Amino acid sequence: MALAIAFDRLRPLQRSRWRLTLLYAGTMGGLLLLCAIAVDVLLTRSYRFDLDHRLEAVAGVVQASLEPQLSRSQPLSPDTQQWLRQLCPPRHSCPTSGHGKVTDPAAQGGYLQVLSADGQTVMTLGVGPINPRTSQAGWQTLSRDQGHFRQLVLPLRDRQQQSWGLLVLGRSLVELDQQVQAWRWGLAIALPLLLAIIGWLSWWLAGQALQPVLQSYRQMQQFTADAAHELRTPLAALQATVESHQPSEAAQVWPVLERQMTRLQLLIEDLLLLSRLDRDQPALGDRCCLNDLVEEAAAAFMPLASHAQIDLQIEAIEAGLMVSGNSAQLYRVLANLLGNAIAHTPAGGRIQLALGAEEHWGILTVRDSGCGIPAGDQTRIFERFVRLDSARNRQQGGAGLGLAIVQAIVRAHRGQVQVTSAIGLGSCFRVQLPLIAT
């Protein structure tokens with residue numbers, strides 16, 4: 001429901017959803033129609049093949065049994081006619097030449113005719129078409145007022161292997177036509193229902209396919225709004241400072257302007273970094289030593305921690321741990337994590353920066369004894385412009401992009417970052433990076 005409302009508000013996405021729906025429905029509907037046509041053709045041919053097989057089996061039996069009793073000098077004897085009537089009585093089976101039993105076609109609209117050499121009807125069993133076309137031997141399909149017929153015409157030879165006449169064995173196609181017609185009626189009833197289901201599924205699939213687009217659009221809207229808000233704050237401070245001071249007070253105004261310009265510059269640099277990380281992956285061909293990064297970060301943040309009366313402890317293994325990536329960006333990860341830890345740890349607290357290895361992963365851990373992060377907010381802290389303590393961060397110039405940058409850099413280096421925290425017990429950020437052979 002929420003997705004439908006969102007699409008109603010976003011007409012371009014709604015049009016895209018309609019186009020995707022038509023594409024999906026057209027593709028699946030076309031395949032369904034092709035399958036239905038293929039099944040119809042296969043079923044019709046299967047029925048026809050089965051009918052031809054039965055007629056051919058019975059005709060072969062009758063021909064093989066009748067020819068030894070034929071004589072050119074005389075017509076069918078009464079005994080032969082009686083034998084023919086008893087050979088395939090209605091609703092019974094006829095023996096075949098070593099292939100089991102074949103149902104008599106006369107029991108289901110079939111007929112048998114024996115014709116002399118001059119085309120005269122000698123004997124007829126069952127009800128066949130009037131004026132059948134029997135000038136040539138082979139398979140024939142007849143269309144008469146009585147309906148459609150399928151028949152097989154075989155030549156008959158007497159005991160001297162002289163041409164005697166023709167044997168016609170056929171069957172009405174009314175039952176076959178009824179079966180095909182029933183199938184087609186069922187298909188005509190089922191197809192609209194199936195197409196309606198396909199249409200609904202296509203609409204749903206189009207909505208599912210556009211959900212990431214809608215989510216990205218919402219994120220872009222939120223990002224734009226947050227960025228505008230963050231940029232508006234220092235600009236408003238600059239404007240207020242300039243408007244409230246006279247030119248003679250430039251010496252007093254300059255430090256304020258300098259701090260706000262620095263804040264704007266850092267914010268724009270962070271936004272550009274996130275944009276580059278979203279658009280391009282960093283080159284991972286350079287070798288970077290995690291031990292060197294830890295030493296560099298410790299040297300840079302040790303004075304800051306000491307000034308804040310925080311004990312910064314460093315624990316790193318001696319062996320060099322090498323990763324593939326951008327050393328400046330990876331240093332940015334440590335700098336952001338240590339900066340956040342110092343900002344959220346009270347005086348007298350402790351921060352631990354540790355480096356270790358687990359299997360093929362290098363593990364960077366930043367643990368502090370600060371105020372901790374609520375469980376409900378731990379999934380949000382890596383979002384852009386999210387500040388759990390907005391008043392404190394604004395005072396210190398933060399824009400809520402630090403952890404978003406950390407996550408973006410770590411993911412770009414095929415790693416992952418996790419956080420565990422509890423209120424009053426501090427937080428622990430764990431960064432895993434794939435190691436390379438030294």
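**Close-up views of a predicted model**

**View 1. Strand β9 pairs with strand β11.** Here β9 (residues 311-316) and β11 (residues 350-358) run parallel, joined by six bridges. Strands are DSSP runs of E with at least two residues, helices are runs of H or I with at least four, and both are numbered from the N terminus; two strands pair if DSSP finds at least two bridges between them. Look for Glu315, which stands opposite Ala354 in β11.

This is a predicted model, in which local features need pLDDT of at least 70 and side-chain atom pairs count only at pLDDT 80 or more, while totals for chains, interfaces and linings use all residues. Residues are numbered from 1 along each chain as its sequence is written, and side-chain values use heavy atoms, with hydrogens and water left out.

**View 2. β11 and β12 form a hairpin.** Eight bridges link β11 to β12 (residues 361-368), and these two strands run antiparallel. Glu358 has Trp361 in β12 as its bridge partner. Two residues lie between the strands, and Glu359 in the turn has a positive phi of about 55°.

**View 3. Leu33 lies in helix α2.** This helix covers residues 11-66. Leu33 is partly exposed, because its relative accessible area is 39%, and the term covers values between buried (under 20%) and exposed (over 50%), using a 1.4 Å probe and protein chains only. The C-alpha atoms of Leu33 and Leu195 are separated by 9.6 Å, although the residues are 162 apart along the chain.

**View 4. The whole chain, for orientation, has nine helices and 14 strands.** Of its 438 residues, 38% are buried.
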